[in-house]
Amino acid sequence: MGWFFRALNSSIGKKFLMAVTGVCLLLFLIIHLINNLTLYGGPELFDTVVKNLEGIKPLVRVVELVLVIIFILHIFNGVRLWIENKKARPVGYKINGASENSDVFSRTMFVTGSIIFIFLVVHIRTFWVSFNLGHPLADEHQYYQIVAEAFGDPIYSILYVVAVILLGFHLNHGFQSAFQTFGWNNKKYFPIIEKLGLIYTIIMVIGFASIPIYFLFFYGGNL
Amino acid sequence: MSGNMNLTLKIWRQANANAVGGFVTFNVKNISPDSSFLEMLDILNEELEVKGLDPVAFEHDCREGICGACSLVINGRPHGPLDKITTCQLHMRHFKDGDTIWIEPWRAKAFPIIKDLVVDRTSFDKIIQAGGFISVDTGGVPDANAILISKEAIETATDAAACIGCGACVAACKNASAMLFVSAKVSQFAVLPQGQPERYQRVQAMVKKMDELGFGSCTNTYACEAECPKGISVRNIARLNREYFNAKLKSENVEA
Amino acid sequence: MIKLNAKIPKGAIEDKWTNHRFNMKLVNPANKRKYDVIVIGTGLAGASAAASMAELGYNVTVLTYHDSPRRAHSIAAQGGINAAKNYPTDGDSIKRLFYDTLKGGDYRAREGNVYRLAEVSNSIIDQCVAQGVPFAREYGGHLDNRSFGGALVSRTFYSRSITGQQLLLGAYSALSRQVGLGKIKMITRREMLGLVVIDGAARGVVARNLVTGEIENYAAHAVVLATGGYSRVFFLSTNAMNCNTTAIWRAHRKGALFANPCFTQIHPTCIPLHGEQQSKLTLMSESLRNDGRIWVKLKPGDKRKPGEIPESERDYILERKYPTYGNLAPRDISSRAAKEACDAGKGAGETGQAVYLDFADAIKRLGKKVIEERYGNLFEMYELITAENPWEVPMRIYPAPHYTMGGLWVDYNLMSNVPGLYVLGEANFSDHGANRLGASALMQGLADGYFVIPYTIGDYLAGTKFQAVKTDHPEFQKEKVAIDEMTKKLLSIKGKRTTDDIHRQLGRIMWNKVGMARNEKGLKEAIQEISDLREEFWKNVNVPGSAEDLNQALERAGRVADFLELGELMAVDALDRKESCGGHFREEFQYEDGEAKRDDENYTYVAAWEFKSPGEWALHKEQLEFEYLKPTVRSYK
């Protein structure tokens with residue numbers, strides 16, 4: 001198995017790991033969004049969905065564990081690449097013309113990634129911990145209410161929207177970047193992949209960001 | 001002559017590999033817009049020489065954009081503000097009278113500075129020595145027309161083979177990665193029938209050497225392609241990745 | 001007295017090389033690693049020679065002043081490489097390539113050498129394809145050919161307009177492979193400054209480490225110089241900025257004869273001068289002449305723009321004067337025709353120092369797409385430099401110094417008169433006579449390196465009893481002291497002129513008096529002026545910095561010091577040769593229509609000059625014999 005780990009530790013291997021974990025997370029986000037969109041169906045629908053998930057808890061736990069591993073690999077590998085890449089250029093340029101040869105999404109992956117990580121921690125604290133580790137409302141299966149309360153806080157909602165936009169930055173580059181890393185770049189298909197990436201990103205950003213906005217402006221009054 | 005320019009230059013100067021470097025300001029006068037960027041530096045150096053001062057060391061040779069010797073990050077961009085040319089092909093008509101121009105060397109751990117704007121790019125040679133060739137001795141080869149090669153394959157190979165080894169890709173990459181350089185050579189041989197026998201061995205050996213030499217990893221910003229004077233495409237990097245995975249999955253060599 | 005023996009094998013011309021290879025002594029494979037060979041230069045000739053010799057098992061050390069062997073100026077060749085493959089079946093053969101090359105060189109080259117060159121040309125193409133050189137292909141997958149000046153067949157293999165680059169990278173990859181295998185020691189950023197001759201034979205070199213300034217010794221059983229040409233003596237040329245004569249000149253000073261120094265080629269298709277600040281001239285591939293038509297204004301002093309000049313008032317000079325070859329007339333003839341027209345005031349553009357190269361007809365006939373495919377990057381390059389769009393306005397071109405047919409004298413084995421000193425490629429004089437045809441330089445460089453030296457060096461090594469020589473031999477020390485003294489001198493003059501300033505002045509003398517057209521008066525003046533300039537250089541140059549680190553000013557000064565001696569020899573040689581042939585045109589010797597007038601009775605010889613002291617040489621003559629092709633008036637009409 002030496003060859004396998006050597007391969008994963010090579011510069012291309014590390015890219016590959018980033019891309020594989022990234023693609024898993026892209027897929028996870030789709031499921032996550034579908035789940036979230038049930039909020040628009042009202043408290044009853046959402047609470048039922050969450051309650052049903054409670055019913056298959058062991059399976060959910062396994063999926064969650066896999067997700068955690070993927071996240072950790074993605075984050076750990078990203079940080080490691082960032083440190084190594086910094087070392088590859090110990091002295092930087094006085095004038096940096098990067099804005100003229102590359103796009104902002106690709107250059108800011110570490111920054112957007114880091115912010116998303118912080119957001120992730122807060123997000124887990126707000127929702128996952130509340131749903132799973134004891135919250136008076138959760139005990140009564142009033143999950144919808146937890147969400148509504150959280151997004152009722154304008155500061156939280158605004159930060160959530162900002163984070164989702166930054167996530168969009170991350171996804172926009174990550175989507176096509178993964179295909180490039182897998183070697184699936186081809187004159188014919190790659191422009192389509194880039195467009196798909198953009199569409200995916202826009203759907204994700206609008207989808208996720210609409211929820212706090214909905215709660216803040218439209219639902220907030222009814223709380 | 002009318003239309004000639006006066007310019008302020010901020011040039012990185014460093015006495016040798018171990019010395020502390022810094023920017024030094026120079027003024028050059030009466031530069032013709034038809035002069036090349038390097039001719040402008042020649043004029044500066046002649047002025048310095050006539051005063052008995054050490055001229056600014058910079059690398060250059062063919063001055064027609066093919067040898068790959070010239071470098072320079074000009075106002076933050078490798079080979080200057082224009083796309084798809086080398087510094088020696090950059091003409092002063094693309095600057096304005098009174099401009100301030102910042103001139104820096106390629107910066108990468110794998111390209112240490114030797115003096116002023118001159119860096120050591122031996123690492124590129126080392127990567128080629130590790131596998132950037134087809135193992136064929138002189139003589140005893142088949143007739144040149146014995147193996148047919150499609151026009152499409154030869155065009156792809158030539159696109160990749162046009163790399164001049166200047167290092168602008170490394171200089172432009174925020175991670176100082178050499179992936180575009182390596183991928184160009186790997187691609188050239190991967191699409192040609194002559195390159196097949198060593199296909200797996202080559203890509204593994206070259207990537208291994210590249211990693212050893214302290215280049216960074218590719219994060220797909222594509223700055224390399226944007227700054228490449230020969231417009232080498234990042235599709236070559238995709239092909240390199242593909243070749244590498246293939247080699248790892250299909251080759252039975254567990255040592256590589 | 002030096003006796004010149006070209007060592008051309010006996011026998012029919014077709015059999016000479018084959019017989020010679022059989023008659024040569026062989027080195028036992030197990031013993032090859034006991035022989036050390038130094039190669040200077042990593043262009044086509046140097047890289048291919050080093051790789052091939054290392055493959056055979058010799059211990060090879062390669063020095064180059066570049067940071068990487070891939071930078072050598074062979075890389076800039078655009079158009080292509082000739083070979084007698086006859087793939088298009090248009091009547092080509094080894095004999096025809098031999099004939100074209102010898103005739104193209106105006107019968108001032110050796111039959112034996114030229115025939116061998118044509119003979120091995122096909123192997124070069126095979127070798128390069130096997131290395132992965134991406135030559136252009138037809139849709140069916142076969143190799144494509146184009147035609148070039150001086151030939152009526154399509155025999156030129158090419159890779160877009162980067163053929164030189166692709167061939168060099170092929171040789172570089174072969175070299176790199178041997179470096180990786182440990183058979184070649186590749187030493188970059190070293191400039192050879194002295195040849196070490198022990199007991200009459202070349203046994204090593206002394207080189208300056210261009211980074212630390214240290215003078216280093218390298219000992220070997222044989223030394224191979226593949227250091228290119230000396231067109232930079234003109235200051236403005238198509239050569240790279242670092243091209244120089246130093247390696248061959250220092251060998252010349254150590255006894256190697258310099259042959260036909262005045263045979264220089266002025267290339268017709270270069271981008272004209274823009275002004276005083278210009279540092280070099282840019283060549284555009286001669287292949288442009290396949291489809292471009294060269295013309296000038298019929299009326300001297302016509303100020304109209306090219307588009308406003310009607311057909312009837314244009315003079316298509318080459319088509320008119322040379323209807324058979326037309327725009328594909330050889331380089332020397334085309335260059336001279338351009339100069340004549342410009343001198344008569346018919347030149348193009350503001351300076352009048354240019355002729356038009358017009359693609360309007362070709363675009364009309366073949367369509368923009370075909371022209372784009374063939375010459376797209378040349379058009380781009382032209383526009384980049386001149387800021388003029390060649391799709392709309394005809395290109396302006398003018399001749400520029402490009403290639404030097406002269407070089408160190410070598411015998412059939414490519415060995416100079418100094419035993420153990422081999423000279424390959426442009427650095428020797430051997431194959432192109434008085435003029436080189438397009439796409440033949442790449443052919444010669446690779447022929448010498450891949451297919452000649454690997455055989456001939458073995459014969460020398462196997463047949464010679466060597467004394468053990470190490471780098472502590474007193475001759476190395478002597479050479480080092482001389483170099484140190486010269487360096488010290490250069491750095492201590494502290495005069496008022498820069499090296500480039502003096503070099504530029506030398507270039508002007510050379511261009512005006514030892515350039516495209518020469519005469520006795522001008523040559524005599526040039527000899528005096530160069531000698532004076534040399535004196536001034538050693539009194540009034542200012543070389544800043546120290547000898548102990550990277551000092552590009554010092555590098556340049558050393559090279560210009562050598563050019564200042566070589567320039568004079570070129571004029572001396574041109575003065576001696578009282579005839580016109582190929583690139584050497586003496587105004588006194590021409591036919592009434594202005595064509596070159598050769599004097600076969602008195603000048604069918606190689607002029608090989610022996611160095612006595614700066615400004616003083618002794619002439620040795622190697623008579624050329626033509627058994628197969630009797631010299632005729634070279635006509636391209």
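# Reading a three-chain model

Student: How many salt bridges does the rule find across the interface of chain A and chain B?

Tutor: One. A salt bridge is a side-chain nitrogen of Lys or Arg within 4 Å of a carboxyl oxygen of Asp or Glu. Here R77(B) pairs with E100(A), at 3.5 Å from N to O.

Student: What kind of model is this, and how are its parts numbered?

Tutor: This is a predicted model, in which local features need pLDDT of at least 70 and side-chain atom pairs count only at pLDDT 80 or more, while totals for chains, interfaces and linings use all residues. Residues are numbered from 1 along each chain as its sequence is written, chains are lettered from A and ligands numbered from 1 in the order in which they are written, and side-chain values use heavy atoms, leaving out hydrogens and water.

Student: Which chains share the most contacts?

Tutor: Contact means heavy atoms within 4.5 Å. Two pairs of chains are in contact, and chains B and C share the most contacts. Chain A and chain C are joined by no contact; their closest C-alpha atoms lie 20 Å apart.

Student: How do I read the size of an interface?

Tutor: It is often given as the accessible area lost when the parts come together. Buried area is that loss for two parts, with a 1.4 Å probe, summed over both. Between chain A and chain B, about 3600 Å² is buried, and carbon and sulfur atoms give 54% of it. In chain A, I12(A), Y93(A) and N101(A) lose the most area to chain B, together 18% of what that side buries. The contact takes 37 residues from chain A and 48 from chain B.

Student: How many residue pairs are in polar contact between chain A and chain B?

Tutor: A polar contact is a pair of N or O atoms within 3.5 Å; within protein, one must be able to donate a hydrogen and the other to accept it, and residues adjacent in sequence count only if both atoms are side-chain atoms. The count between chain A and chain B is 28 residue pairs, both at pLDDT 80 or more.

Student: Which helix gives the most to the side of chain A that touches chain B?

Tutor: Helices (H or I, at least four residues) are DSSP runs, numbered from the N terminus. The answer is α9(A), with six residues. By class, the side of chain A that touches chain B has twelve nonpolar, 17 polar and eight charged residues. Asp, Glu, Lys and Arg count as charged; Ala, Val, Leu, Ile, Met, Phe, Trp, Tyr, Cys and Pro as nonpolar; the others, Gly among them, as polar.

Student: What does the interface of chain C and chain B look like in numbers?

Tutor: The buried area is about 6300 Å², with 49% from carbon and sulfur atoms. Chain C gives 78 residues and chain B gives 77. The rule finds ten salt bridges across this interface. E46(B) and R504(C) form a salt bridge at 2.6 Å, N to O. On the side of chain C that touches chain B, the largest share, ten residues, comes from α5(C).

Student: Why are R61(A) and E64(A) about one helical turn apart?

Tutor: Because they are three residues apart in helix α4 of chain A.

Student: Is R497(C) buried or exposed?

Tutor: Buried means under 20% relative accessible area, exposed over 50%, partly exposed in between (1.4 Å probe, protein chains only). R497(C) is buried, at 14%. Its salt-bridge partner is E536(C), at 2.9 Å from N to O. E536(C) lies in helix α14 and R497(C) in the loop between α12 and α13 of chain C, so the pair ties together parts 39 residues apart in sequence. E536(C) is partly exposed, at 27%.

Student: Which residues form the largest nonpolar core, and which have the most contacts inside it?

Tutor: A nonpolar core is a set of buried Ala, Val, Leu, Ile, Met, Phe, Trp, Tyr and Cys residues joined through side-chain atoms within 4.5 Å. The largest has 273 residues, and F37(B) and L41(B) have the most contacts inside it. Helix α15 of chain C gives the most to this core, with 14 residues. Another core, of 30 residues, lies apart from it and includes M284(C) and L318(C).

Notes:
Helices (H or I, at least four residues) and strands (E, at least two) are DSSP runs, numbered from the N terminus.
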